[in-house]
Amino acid sequence: MVSSLVATLLLIGSSAVVRPISPVSGPIIQHFVAPPCQRCAGHRGVTIATQSGQVVVAVLPGIISYVGEVAGLTYVVQVIRPGVRVTYGWLTPEVQMSAGDEVASGQVLGWTGEKTYLGVRVRGVYVEPLRYLGLSGTRLRGTGGVVVG
């Protein structure tokens with residue numbers, strides 16, 4: 001309940017309430033594992049099983065801060081409010097997208113491979129992304145299976 005409220009209030013100052021949406025459809029194959037220290041091992045997001053070519057969309061409106069490769073994998077990072085970044089990984093980004101671009105909730109960010117990463121950092125600390133965004137426990141059914149949660 002609290003996490004949904006936090007996610008709903010992300011756009012303080014906006015006249016419209018925007019609820020987060022799932023970035024992609026698929027089951028979770030690796031859950032968030034908080035590391036015991038900043039540089040310790042862990043899984044700082046969730047990994048979602050996807051079929052190649054699925055669309056990945058922005059969970060909320062925001063500004064793209066990074067599009068590029070890290071260790072041979074492609075990531076898109078979006079600032080959804082000051083101090084809060086959402087990372088979408090292992091995807092083929094929208095060709096014309098670059099840092100500084102404004103994106104709407106549900107706007108196409110890229111396309112999946114066989115799996116997709118979703119992470120959230122709040123003031124530099126990784127948090128459980130589904131809980132923070134209010135998507136945990138959600139079961140939306142449709143073509144392609146179960147949406148994250």
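Mentor: Let's begin with a rule: a disulfide is a pair of cysteine sulfur atoms within 2.5 Å. Keep in mind that this is a predicted model, where local features need pLDDT of at least 70, side-chain atom pairs count only at pLDDT 80 or more, and totals for chains, interfaces and linings use all residues. Residues are numbered from 1 along each chain as its sequence is written, and side-chain values use heavy atoms, with hydrogens and water left out.

Trainee: What makes the link of cysteine 37 and cysteine 40 a disulfide?
Mentor: Their sulfur atoms are 1.9 Å apart, and the rule asks for a pair within 2.5 Å, so the link qualifies. By this rule the count comes to 1 disulfide. The link of cysteine 37 and cysteine 40 is right-handed, with 95° about the S-S bond.

Trainee: Are these two cysteines buried, partly exposed or exposed?
Mentor: Buried means under 20% relative accessible area, exposed means over 50%, and partly exposed lies in between, using a 1.4 Å probe and protein chains only. Cysteine 37 has 34% relative accessibility, so it counts as partly exposed. Cysteine 40, with 25%, is therefore partly exposed as well.

Trainee: How do you know that S4 and S5 pair?
Mentor: Strands are DSSP runs of E with at least two residues, numbered from the N terminus. Two strands pair if DSSP finds at least two bridges between them. S4 and S5 run antiparallel and are joined by 7 bridges, so they meet the rule. S4 also pairs with strand S7 (residues 102-103) in the antiparallel sense, over 2 bridges. Isoleucine 63 stands opposite valine 79 in S5 and opposite glutamate 102 in S7.

Trainee: Where is alanine 71, and why is it called exposed?
Mentor: Alanine 71 sits in the loop between S4 and S5. These strands form a hairpin with 2 residues between them. Alanine 71 is called exposed because its relative accessibility is 80%, and the cut-off is over 50%. Its phi is near 55°, a positive value in a residue other than glycine.

Trainee: What is the phi of arginine 123?
Mentor: The phi of arginine 123 is near 50°, again a positive value in a residue other than glycine. Arginine 123 lies in the loop between S8 and strand S9 (125-127), and it is exposed because its relative accessible area is 68%.

Trainee: Why is threonine 116 called buried?
Mentor: Threonine 116, found in strand S8, has 2% relative accessibility, so it counts as buried.

Trainee: Why is serine 52 called exposed?
Mentor: Serine 52 reaches 57% relative accessibility, so it counts as exposed. It is found in the loop between strand S2 (46-49) and strand S3 (55-57). Serine 52 and lysine 115 are 63 residues apart in sequence and 8.0 Å apart in space, C-alpha to C-alpha.

Definitions and conventions: Helix = DSSP H or I, 4+ residues; strand = E, 2+ residues; numbered from the N terminus.
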